[in-house]
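Let's take a friendly tour of a protein model. Have the 3D view ready and follow along.

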Amino acid sequence: MIDKKILSISRIENTDKYDRKKVGYFSGLIGTSLNVTLGVSKFLIGIFANSVSITADAVNNFSDAIYSFATVLGFKFSSAPPDKDHPYGHGRVEYITTLIISMMIMLVGLQFTKTSIERIISPEKIVMNKIGIAFLVVSIFVKLWMSLFNRKLGKAIDSSILRATSVDCLSDVCTTSVVLIAMIFADYTTFPIDGVVGLVVSAFILFSGFSLAKETVSQLIGEAPDNEFAKKISDEIEKFDGVLGVHHLSFHKYGHLQTIATADIEVSADMSLVKAHNLVTIIEKEIRDNYEISLIIHIDPVGGNYTQRELELKVLVSNWANQVEYIKSIHDFAIYQKDDSEFLGVEIFIDGNKLKKDFDKEQLTNEFDRFVKSFDSKLKTSVVIIMDYM
């Protein structure tokens, strides 16, 4: 019910979208308060029970509280408007915040790995009562609810921070469950179960931090969009009358509030410049309105009055490309004059999924140049190689 209330409060008027900043604030504040409560309670239980695994679980909750509070700060700074130094906004602050948190989580994991190993070498007696066990059971259900809560909010506003929080809460359910089982059986064995379970909890913490860091670094570097989504955008563009084809579609994300996309669209060479401009304007507006993507389109004219020589060379180039397994297509075929030289310009689209590790762009460019010169020794080449992984 709380998640529905938050989404209702955060809904932007007359739309089906939500205010990311509001949703992030509510989620972060609820997460901070619950994690501090769980952390303090588990820490006290761990001290009284003399259990390193419960104490490790408590510290894990404290790190989650810091994570939740950092979520609030992340949404605050990432929602700041663009300025002179950051014309595309501050959306990537969300990624940086998440990366810092992941490092903190891994440091906690390393510290408790050390403590757990020491407890295995020198085991100590655990004193556990029914109240402590009951609280661990309650904390499992609280964390399960938090996981579902953050997953729903994360899906609603497409937030990597909230999705990561959901996964982290689910891992906490597993770690606390393992601790609970260990505490129940601690009195029935001389095996250093507390230290071993503490080690398991530490491994969960380390894995959680590493997974979070890996995902965030990928986003900071600039990961490729989902193929299904890219195809959806491509299909949306192709549905417009006058568009003969779409290629070189790429996305550049600046957090979740700013995405810039570029695409080449093919239109008839007979289409007037004014009509082509109007077509591009309509497409860019519809993509912006429907997907909140700033689309920039480059027009490629197709057809036109080719000379017999140009047509012959075009067919030869197409046949050459068809013989190379990893070439997807050839675009922007044009013969033009520059200074006293004649050039053939092309864009060669490469299927990056089919490349071998020793692929050399320069080698392919030289190979194409030799092929063209076998047709006309005076014709120079201008080649742009574009890697395509979609």
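Which residues make a nonpolar surface patch of about 440 Å²? The patch is built from Val 137, Phe 141, Leu 144, Leu 148 and Leu 170. Keep in mind as you look that this is a predicted model.

Helix 5, which covers residues 130–157, gives the patch its largest share, with four residues. Val 137 is one of the patch residues, and it lies in helix 5. Its relative accessible area is 33%.

Now turn to the second largest pocket, which holds about 400 Å³ of space. Its lining has 21 residues, and those closest to the pocket's centre are Lys 314, Ile 330, His 331, Asp 332 and Phe 333.

Where does the lining come from? Strand 3 (294–302), helix 10 (308–322) and strand 4 (327–338) each contribute at least two residues. Strand 4 has the largest share, with seven residues.

Finally, find Lys 253 in strand 1, which spans residues 245–253. Is Lys 253 buried or partly exposed? With a relative accessibility of 36%, Lys 253 is partly exposed.

In sequence, Lys 253 and Tyr 88 are 165 residues apart, while in space their C-alpha atoms are 9.5 Å apart.

How values were computed:
Residues are numbered from 1 along each chain as its sequence is written. This is a predicted model: local features need pLDDT of at least 70, side-chain atom pairs count only at pLDDT 80 or more; totals for chains, interfaces and linings use all residues. Side-chain values use heavy atoms; hydrogens and water are left out. Patches are made of residues with over 30% relative accessible area and no salt bridge: like charges are joined within 9 Å, nonpolar side chains (Val, Leu, Ile, Met, Phe, Trp, Tyr) within 5 Å. Accessible areas come from the Shrake-Rupley method with a 1.4 Å probe; for residues, only the protein chains shown count as cover. A salt bridge is a side-chain nitrogen of Lys or Arg within 4 Å of a carboxyl oxygen of Asp or Glu. Buried means under 20% relative accessible area, exposed over 50%, partly exposed in between (1.4 Å probe, protein chains only). On a 1 Å grid over the protein atoms alone, a cavity is a set of points where a 1.4 Å probe fits but cannot get out, and a pocket is an open set with protein on both sides within 12 Å along at least five of seven lines; lining residues have an atom within 4 Å of a point. Grid points are joined across faces, edges and corners, and a volume is the space filled by probe spheres set on the points.
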